[in-house]
Amino acid sequence: MGFNDLSRRSLLAGALSGVGLTVLGGTAAQAAARPAGRVLIATNEPWGTYHAAPLLPEARRLGWEVVQLVPDRSGIKPGDPVPVATPDENPRGDLLVVTGAGDWPADCAARLRHLPLVAGSLAYQLPVEAPRAKEFRERLRAITASSPAEAKVFDDYLGTRRPITVVGTPQTDDLPRHVPEEGTVLVLTSVTKSSGTGGSAPGTDLLLAAAERLAAAGKHILVGLHPREDRSLWERYEISAVPSVQASARAEAAIGIPGTVFPVVAAVGVPLVGCTDPRLQIPDYLLSVCTHTISSADDAVTAVETAEPVSREVLYEAVGPIGGSARRLFKVWRKAGFRAHAAA
């Protein structure tokens, strides 16, 4: 059943059930059987479910369903907590969310024209208009970004000149307490090899060399692997068994190739050092949370030992409001759905 098949009353009943309220004509328990909404998400990394995973706790609390659209299930690992579906299965949805304007999100938007459409930045983009953004941007009922700086970049990326709602980063909704272990440095990897799921980022050779220098200086290297990184490159060190944000709580400082996780690690209170490469294209706001950036491994030890946490002002600009981010995001999505129904 699609969004236009839902009555306004049934959608409202589902929304209320997510917060445990009684609905006219039925009980809260009856309403809870109906989801508040079913969101289909399409990302630039077709099988990259790690971008949607932070949304799941709030989705469960509110009674929402979040389903990531994938070309097929070949890139999904057994036990992945994010539900997936292919467009060929004609999945039911109340809203389509695109997190970028690459080929896969654009293809999904073209195929699912009957669904209300929202754009949300869940991973960093570059401030250059994406070639396929023009295909669907006039359909967008809302646009969200994590922070003010990310909103400016996302606006350029989509080629729009319209308000973007800053909601924060869902990963900051449950930040660990920073209790650093003496001498521990977190290495934040990127992706060495491109795959069907997404591209690679230059700089791994520099980061590997920097890790060697730090280890030689007596630092304990804790590796926060990108979900698509080649694990074998880093097995000489301790590879964190928990996600990078949780692992950062143990670190006195972090060093890595600047990416989406950098502002979130900065929000934990961890000083950051960025490894840069002439071939890398990195938005300024990701660099802004780094005390230092290095282009030579010889600078790694001094940079790490002198790195400091960023100011509140810099942090807000880069990461946005901390706490309650997923709740704000779902609120925007719900309003977009109601507007779509009212216009139908």
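The accessible surface of the protein comes to about 15300 Å², and 51% of this area belongs to carbon and sulfur atoms; accessible areas come from the Shrake-Rupley method with a 1.4 Å probe, and for residues only the protein chains shown count as cover. The structure is a predicted model, in which local features need pLDDT of at least 70 and side-chain atom pairs count only at pLDDT 80 or more, while totals for chains, interfaces and linings use all residues. Residues are numbered from 1 along each chain as its sequence is written, and side-chain values use heavy atoms, with hydrogens and water left out.

The secondary structure consists of twelve helices and 13 strands; these are DSSP runs numbered from the N terminus, with helices (H or I) of at least four residues and strands (E) of at least two. Of the 344 residues, 54% count as buried, where buried means under 20% relative accessible area, exposed over 50%, and partly exposed in between (1.4 Å probe, protein chains only). Contact means heavy atoms within 4.5 Å. Among contacts between residues at least 6 apart in sequence, 67% join residues at least 24 apart.

In soluble globular proteins, nonpolar side chains tend to be buried together. A nonpolar core is a set of buried Ala, Val, Leu, Ile, Met, Phe, Trp, Tyr and Cys residues joined through side-chain atoms within 4.5 Å. The largest such core has 50 residues, and Trp 234, Ile 255 and Leu 272 have the most contacts inside it. A second, separate core of 27 residues includes Ala 106, Leu 117, Ala 119 and Tyr 157. Beyond its neighbours within four places in sequence, Ile 255 is in contact with residues including Val 185, Leu 207, Val 273 and Ile 294. Ser 244, in helix α7 (residues 244-247), is buried at a relative accessible area of 13%. Leu 186 and Leu 188 are among the contacts of Ser 244 and also among those of Ile 255.

Four aromatic pairs were found in a search of the whole structure. Rings of Phe, Tyr and Trp (its six-membered ring) pair if their centres lie within 6.5 Å; planes under 30 degrees apart count as stacked, over 60 as edge-to-face and the rest as tilted. Trp 64 and Phe 330 form a tilted pair, at 5.1 Å centre to centre and 50° between the planes. Trp 64 lies in strand β2 (residues 64-69) and Phe 330 in helix α12 (residues 325-343), so the pair ties together parts that are 266 residues apart in sequence. Trp 64 is buried at 11% relative accessibility, and Phe 330 is buried at 2%. Ring pairs link Trp 64, Phe 330 and Trp 333 into a cluster.
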